[in-house]
Amino acid sequence: MLTYALHETMPKPAKPTLAKKTIVESMADKMLEMGMNGIAVTADSLAEHSSFTRAQISKHGLDAADRAKSRAVRRVA
């Protein structure tokens, strides 16, 4: 079996390269994904199509919606 690792002469990374997303960022990503797939994003549909609880949605939903709106790319022809 092959295993991949840094060679012993390579410097070790100072910190992890992938940072964990916050719940607001994850929720915004899900909102954007739902919107791009033609699903209306409401609290009920977000709870139905994700693993977020209703308490998390009510607490972080407005911030996530603002972040999703700011990241959305709209092209008008």
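I began with glutamate 25, which counts as partly exposed at 27% relative accessibility (buried is under 20% relative accessible area, exposed over 50%, partly exposed in between, with a 1.4 Å probe and protein chains only). This is a predicted model, where local features need pLDDT of at least 70 and side-chain atom pairs count only at pLDDT 80 or more, while totals for chains, interfaces and linings use all residues. Residues are numbered from 1 along each chain as its sequence is written, and side-chain values use heavy atoms, with hydrogens and water left out.

Next, partners. I found glutamate 25 in a salt bridge with arginine 67, closest N and O atoms 3.5 Å apart (the rule: a side-chain nitrogen of Lys or Arg within 4 Å of a carboxyl oxygen of Asp or Glu). Glutamate 25 sits in helix H1 and arginine 67 in helix H3, 42 residues apart (helices are DSSP runs of H or I, at least four residues, numbered from the N terminus).

Then I looked up aspartate 29, partly exposed at 22%. Aspartate 29 bridges to arginine 71 at 2.2 Å between the closest N and O atoms, and to lysine 21 at 2.3 Å, N to O.

Last, the core. I listed twelve residues in the largest nonpolar core, among them Val24, Phe52 and Ala68 (buried Ala, Val, Leu, Ile, Met, Phe, Trp, Tyr and Cys residues joined through side-chain atoms within 4.5 Å). H1 gives the largest share of this core, six residues.

Notes
Helices (H or I, at least four residues) and strands (E, at least two) are DSSP runs, numbered from the N terminus.
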